[in-house]
Amino acid sequence: MTTLRIGGVPEHFNLPIHLCIEEGLFAEKGIHVEWVEFPGGTGAMNAALRSDEIDLAVILTEGIIKDIDNGNPSSIVQNYVSSSLIWGVHVAQNSSFQTIEDLKNSRPAISRYGSGSHTMAYIQAEQLGWNTSEIECVVVNNIDTAVEALTAGEAEYFMWEHFTTKPLVDKKIFRRVSDFPTPWSSFVIAATDKYKANHSTTINKFLEVLNEKTKNFKLLNRIEHLLSERYEQKLEDIKKWLLLTTWSQEQLPQEEINLVKKHLSKLKSIDKK
């Protein structure tokens, strides 16, 4: 058995991988897949790829492109979720902020620098015409400490995936003032150059198994109920999310890479080349 360590966030997008592990589908191909959870998101996974703690990552498209450009010795091996990620813009329930425009010049909570929540706060600000050089970020590591920071007034807003954060909105801990969908695919699968060089056949077998699962994922019997139970989401929310979500079995289109790089270049997050 060849070991493959793959990292990802504890979110419903990754259930196809968990099902493949539980059903022994990777093992049948001689691959021992170790799932490594990253509640801290893309920034934490980029650090883990760099330090050889994981071999592959299911990671935000803009986050990995930015980090590869900044020296991460990894590459994108396939697109994973080709639909947009819907970032909810959240404030504390008792906050005085009511609209997205109210948040101009306020402090976003981010999981860490280089994360999706960090990058998207800047891309949103840039699209709204705000001065991105004046943004003061507050690092909170994960969603639990984001709750503490917003409640205590240490930061004003927090951008995180709409449906993952919905339970906090339902419990009136957060209030969502807006949504901000990415203009490109949500998640890609990236591999370290080291693992790719030594285990390209393993990566190909892994992707073959996963792609077969994602092709028919929405058609699985009672899949919406399983998602609802595992991720503690309302059934009605899961049904909406499934309608909006599309898994890919192809490589990330070059035009999407160019679009991401165009936005990141505007923000001076990457070299224009």
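**Cysteines, sheet architecture and aromatic contacts**

In this predicted model, C20 is buried, its relative accessible area being 0%. C137 is likewise assigned as buried, with a relative accessible area of 12%.

Five strands form an open sheet with mixed pairing, arranged in the order β7-β6-β8-β5-β9. The edge positions are taken by β7 (138–139) and β9 (174–181); each has a single partner strand, and therefore one side of each is left without a neighbour in the sheet. Within this order, β6 (residues 108–110) pairs with β8 (residues 157–161) in the parallel sense, over two bridges. In this region P108 stands opposite Y157 of β8.

Seven aromatic pairs are present in the structure. One of them is the stacked pair of F26 and F206, with a centre-to-centre distance of 4.7 Å and an angle of 20° between the planes. Because F26 lies in the loop between α1 (15–22) and β2 (31–37) whereas F206 belongs to helix α8 (residues 200–215), the pair ties together parts that are 180 residues apart in sequence. F26 counts as buried at 1% relative accessibility, and F206 counts as buried at 0%.

The ring centres of W241 and W247 are 5.7 Å apart and their planes lie at 85°, so this pair is edge-to-face. Both W241 and W247 are buried. These two tryptophans also belong to one aromatic cluster, together with F13, F187 and F217.

Conventions
Residues numbered from 1 in each chain as written. Predicted model: local features only at pLDDT ≥ 70, side-chain atom pairs only at ≥ 80, totals over all residues. Heavy atoms only, no water. Buried < 20%, exposed > 50% of the residue type's maximum accessible area, 1.4 Å probe, protein only. Pairing = 2+ DSSP bridges. Helix = DSSP H or I, 4+ residues; strand = E, 2+ residues; numbered from the N terminus. Phe/Tyr/Trp six-rings, centres within 6.5 Å; stacked < 30°, edge-to-face > 60°.
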